[in-house]
Amino acid sequence: MITRKRLAAGAFTLLAALTAGLGTAGPAAAEADEPAQPSPKVELVLDVSGSMRARDIDGKSRMAAAKQAFNEVLDATPDEVQLGIRTLGANYRGDDRKTGCKDTELLYPVAELDRAGRTDAKAAVATLAPTGWTPIGPTLLKAADDLKDDDTGRSRRIVLISDGEDTCQPLDPCEVARKIAAEGIHLTVDTLGLVPDAKTRDQLSCIAEATGGTYTSVRHTDELSGRVKQLVDRAADPVATPVATEGATQCSEAPQLKAGVYTDREKFGEHRWYRVDVKPGQELRASVSVGADRAVNQDYGVLLRASTERGREIVRGSEAGDGRTDVISTGLRYPKPEEDGDDENSDGGEPAAETVCLQVSNSFSAPSSVKTTPGLPVELAVDLVDAPDEASDVASFGLGNGWWLLGALVLTGFLAGLVWGWVSRWRFAVWRTN
């Protein structure tokens with residue numbers, strides 16, 4: 001699998017902007033005229049209800065795993081990100097539902113983290129102990145208020161970590177998430193379920209889907225810290241913000257994609273097509289992740305296949321799973337080398353690009369009691385970089401199809417057999433002579 005970094009498009013855009021500024025007004029004027037990018041805001045929302053005492057994450061309690069993950073995330077948070085922490089169910093130990101559903105606290109205010117701030121935030125997290133109710137809906141409303149300001153261009157993200165359903169109905173957390181999305185404040189809610197059951201999974205998935213966020217099931221500490229770090233980094237890097245698209249049932253009708261990250265929904269066992277233009281001297285790097293946001297049968301796989309418009313396969317990537325993870329990913333690379341006469345076409349313009357068809361397929365299945373609509377969430381990442389100057393990479397030889405590799409192995413085996421046979425006959429002849 002390939003690493004999914006989406007920096008090329010952003011670097012090119014930034015370089016173009018700087019070049020234009022230097023050409024018109026010089027460095028000082030360019031810096032003065034270019035508006036500063038508002039720093040993103042992220043609020044981590046942690047469930048501290050009584051169920052977080054359960055000891056089923058790497059032999060320790062869910063609360064201990066969350067604290068360890070928070071410490072690692074606080075150390076890794078980029079300096080330009082304003083980060084805050086809010087808790088739910090951390091203070092009230094009683095049985096009064098009305099009081100328990102108001103139990104949400106801003107543990108650390110949303111602000112840029114310096115060394116002292118990181119230390120203070122860690123100290124605040126260290127004091128937490130599993131306590132009370134699970135007021136997810138009221139907490140989301142408070143968290144949205146924490147992130148509001150007058151800057152409409154700012155990126156805002158809530159990362160909700162919980163191990164159970166909301167206990168404060170009829171205030172439905174899904175309806176709260178839809179209300180937040182309707183306000184148009186560019187706020188995304190990502191959810192993570194700690195060892196979730198089916199009802200928790202459904203509720204957290206609904207919250208994330210309503211705001212364009214993602215849901216992830218977590219069963220290990222390193223998974224928790226890694227996913228939260230990824231989401232915080234995504235808030236700091238607007239280039240990585242996914243764009244919604246819809247694949248087609250055949251390549252001729254597929255949407256045209258450029259470098260970027262795209263989201264889609266794919267039915268169980270479906271094939272979806274997308275198109276990318278690759279110029280001579282470029283290398284296409286693509287990866288796809290399909291998430292199981294509901295209960296699915298074990299043994300499944302995902303295929304990412306690149307082919308020509310006529311259907312000839314160029315290269316493919318595939319990965320299989322057995323139910324141990326909620327996300328399965330694979331990727332591929334296709335370098336298109338420069339050829340004689342590619343510097344210019346017959347009209348004196350740029351060399352013609354090749355249209356590459358990307359096919360995304362999955363082999364998920366589900367029990368009859370599970371709804372199959374909407375489809376499974378798909379994230380497709382596309383990047384176009386400079387192709388290698390020399391065909392030293394496996395992909396440069398077209399080994400994705402396996403034919404070159406198979407031929408090389410057959411030839412090597414044949415030559416090795418000849419040499420071994422000659423040596424064996426020689427040794428046998430020497431033995432008979434002696």
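A disulfide is a pair of cysteine sulfur atoms within 2.5 Å. In this predicted model, a search of the whole structure finds three disulfides. Cys251 and Cys357 form one of them, with sulfur atoms 1.9 Å apart. The torsion about their S-S bond is about -75°, so this disulfide is left-handed. Cys251 lies in the loop between strand S7 (243–244) and S8, and Cys357 lies in strand S15, so the pair ties together parts that are 106 residues apart in sequence. Both Cys251 and Cys357 are buried.

Another disulfide joins Cys101 to Cys168, at an S to S distance of 2.0 Å. The link of Cys101 and Cys168 is left-handed, with -100° about the S-S bond. Distant parts of the chain are linked by this pair: Cys101 sits in the loop between helix H3 (97–100) and S3, Cys168 in the loop between S4 and H6, 67 residues apart. Cys101 and Cys168 are both buried.

Cys174 and Cys206 also form a disulfide, their sulfur atoms 2.2 Å apart. Here the link runs from helix H6, which holds Cys174, to helix H7 (residues 198–211), which holds Cys206; the two cysteines are 32 residues apart. Cys174 is buried, with a relative accessible area of 7%. Cys206, with a relative accessible area of 19%, is buried as well, because the cut-off for buried is under 20%. With the bonded cysteines of the chain numbered in sequence order, the pairing is 1-2, 3-4, 5-6.

The average pLDDT is 82, and 82% of the residues score at least 70. Over residues 1–34 the pLDDT is below 50; this stretch has 30 contacts in the model beyond near neighbours in sequence. Residues 391–401 also stay under 50 in pLDDT, and the model has 19 contacts for them beyond four places in sequence. Where pLDDT is low, the predicted coordinates should not be read in detail.

Six strands form an open sheet with mixed pairing, in the order S3-S2-S1-S4-S5-S6. Strand S3 (104–112) and strand S6 (215–218) stand at the edges; each has a single partner strand, so one side of each is left without a neighbour in the sheet. From one strand to the next, the twist averages 15°. Ser217 in S6 is the bridge partner of Gly193. Helix H4 (residues 115–126) lies across strand S2 (82–88) and S3, and runs at about 165° to S3.

Strand S10 (residues 271–278) has other partners. Strand S8 (residues 256–257) pairs with S10 in the parallel sense over two bridges. The bridge partner of Gln256 in S10 is Arg275. S10 and strand S15 (residues 354–362) run antiparallel and are joined by eight bridges. Val276 stands opposite Val356 in S15. Six of the eight residues of S10 are buried, so this strand is largely enclosed by the rest of the structure. S15 is also the strand that holds Cys357.

Side chains of opposite charge can pair when their charged atoms come close. A search of the whole structure finds 24 salt bridges. Arg62 takes part in a salt bridge with Asp56 (2.6 Å, N to O) and in one with Asp163 (2.7 Å, N to O). Arg62 lies in helix H2 (residues 62–76) and Asp163 in the loop between strand S4 (156–162) and helix H6 (173–182), so the pair ties together parts that are 101 residues apart in sequence. Arg62 counts as buried at 10% relative accessibility, and Asp163 counts as buried at 7%. Asp56 is partly exposed, with a relative accessible area of 33%.

Asp190 forms a salt bridge with Arg157, the closest N and O atoms being 2.4 Å apart. Asp190 is in strand S5 and Arg157 in strand S4, so placed 33 residues apart that the pair links distant parts of the chain. Both Asp190 and Arg157 are buried. Elsewhere, salt bridges that share partners join Lys41, Asp149, Arg154 and Arg156 into one network.

Methods. Residues numbered from 1 in each chain as written. Predicted model: local features only at pLDDT ≥ 70, side-chain atom pairs only at ≥ 80, totals over all residues. Heavy atoms only, no water. Pairing = 2+ DSSP bridges. Helix = DSSP H or I, 4+ residues; strand = E, 2+ residues; numbered from the N terminus. Axes fitted to C-alpha atoms, helices over the stretch in contact; angles between N-to-C directions. Contact = heavy atoms within 4.5 Å. Buried < 20%, exposed > 50% of the residue type's maximum accessible area, 1.4 Å probe, protein only. pLDDT = per-residue confidence, 0-100. Salt bridge = Lys/Arg side-chain N within 4 Å of Asp/Glu carboxyl O.
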